[in-house]
Amino acid sequence: MTSPAPQGGLPPVPSCYRHPGRETYLKCSRCERPICPDCMIPASVGHHCPECVAEGRRTQRPALTHFGGSQVGMHGYVTKALIGLNLAVFVVGILMAGMGAVFSGGLFTDVTAIQWLGGVLGPTVTVAPDGPYIGAHPTFGTVYTGVDDGAYYRLFTAMFIHYGLLHLVLNMWALWVLGRPLEAALGPVRFAAAYLICGIGGNVAGYVFGGGGVGAGASTAIYGLFAIYFFVLKRLGRDASAIIPVIVVNVAISFTVPGIGIAGHLGGLATGAIVGAGLAYAPRDNRTLVQTAVLVLTFLGLTGVAVALSLTR
């Protein structure tokens, strides 16, 4: 668009095509339409108008990480959301059981209402004033359905429930340290799927091999992140030896500290090894397909084991 020609035969002054009242001698280096300073967007060569920039963004493939994930993962949104969800569940536990859900004099608190409600529980239990009883006896107290009787949701919810403040803080610190670099490397979708599947894998192992009790905690997923981190470092050609002592120490703690669910930790670690190898070493040509297949098949395998076992108990 141009302004009316001034008297005296001089050529008209161009006007910004987006702001007709603004005279300008600048133009988009791509479409050559006149643009004002407010519409001028710096480019590698000259300046572009907003429409050319928008068109370029629509046709340009988004940058991906080494493992095919979105670079949005560098912001750590999923890691922060997972920590926020764990904190929210912890607050719910306090509202249900009071300060007994925060601290009870030891490393871990006793089983409170939030653990009965969402922790890994094999048989159905009735919690009466004088203690818990195996089986459903609604006249005696509150009945909590176990995985044996179809409460499969516990294999998911247990990874967001903790036995006290110390348990929560230690797991959230580990998630913050491991989660951000892994989310940046894998992308938010792959990281979220891997985290949840590792948590489920550890809880399934706790259900299958656990010696009773009510399992809970993000440790099942955290141990899976240890294994995934190892494979990611190896695939990137970096020194992965530093993570091995951390894994060994944590496994040793699982065997030495009373009250820790060993089966859940080792199950999460094993699941993380499967998932990590699949995500890290998927061939480039069919990377997304292979990675999706590994995640889906792992989830289906874990679900199948839990369902099959529950039908025999």
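In these legends, a residue is buried under 20% relative accessible area, exposed over 50%, and partly exposed in between, with a 1.4 Å probe and protein chains only. The model is predicted, with local features needing pLDDT of at least 70 and side-chain atom pairs counting only at pLDDT 80 or more, while totals for chains, interfaces and linings use all residues. Residues are numbered from 1 along each chain as its sequence is written, and side-chain values use heavy atoms, leaving out hydrogens and water.

View 1. D38 is placed in the segment before β1, where helices (H or I, at least four residues) and strands (E, at least two) are DSSP runs numbered from the N terminus. D38 counts as exposed because its relative accessibility is 60%. Its C-alpha atom is separated by 9.7 Å from that of C16, 22 residues apart along the chain. E32 also lies in the segment before β1 (41-42). Although E32 is not a glycine, it has a positive phi of about 65 degrees. With 54% relative accessibility, E32 counts as exposed.

**View 2. The annotated span, residues 150-279.** An unreviewed UniProt entry annotates these residues as "domain: Peptidase S54 rhomboid"; UniProt positions follow the numbering used here, feature names are shortened, and annotations may be inferred rather than shown by experiment.

**View 3. Helix α5 and its kink.** The 22 residues of α5 (residues 165-186) should span 32 Å at 1.5 Å a residue, which agrees with the 30 Å between its end C-alpha atoms; the expected span is 1.5 Å times one less than the number of residues. At G179, shortly before the proline P181, α5 has a kink of about 35 degrees, the bend being the angle between axes fitted to the seven residues ending there and the seven starting there. Just after α5, G187 takes a positive phi of about 90 degrees.

**View 4. The buried residues of α5.** Among them are H167, N171, G179 and E183. The cover over the buried residues of α5 includes α2 (77-97), α6 (188-209), α7 (219-235) and α9 (262-280), judged by contact, meaning heavy atoms within 4.5 Å.

**View 5. The lining of the largest pocket.** Of the 50 residues that line the largest pocket, H167, S219, I260, G261 and H265 lie nearest its centre. A pocket is an open set of points on a 1 Å grid over the protein atoms alone where a 1.4 Å probe fits, with protein on both sides within 12 Å along at least five of seven lines, and lining residues have an atom within 4 Å of a point. The largest share of this lining, nine residues, comes from α5.
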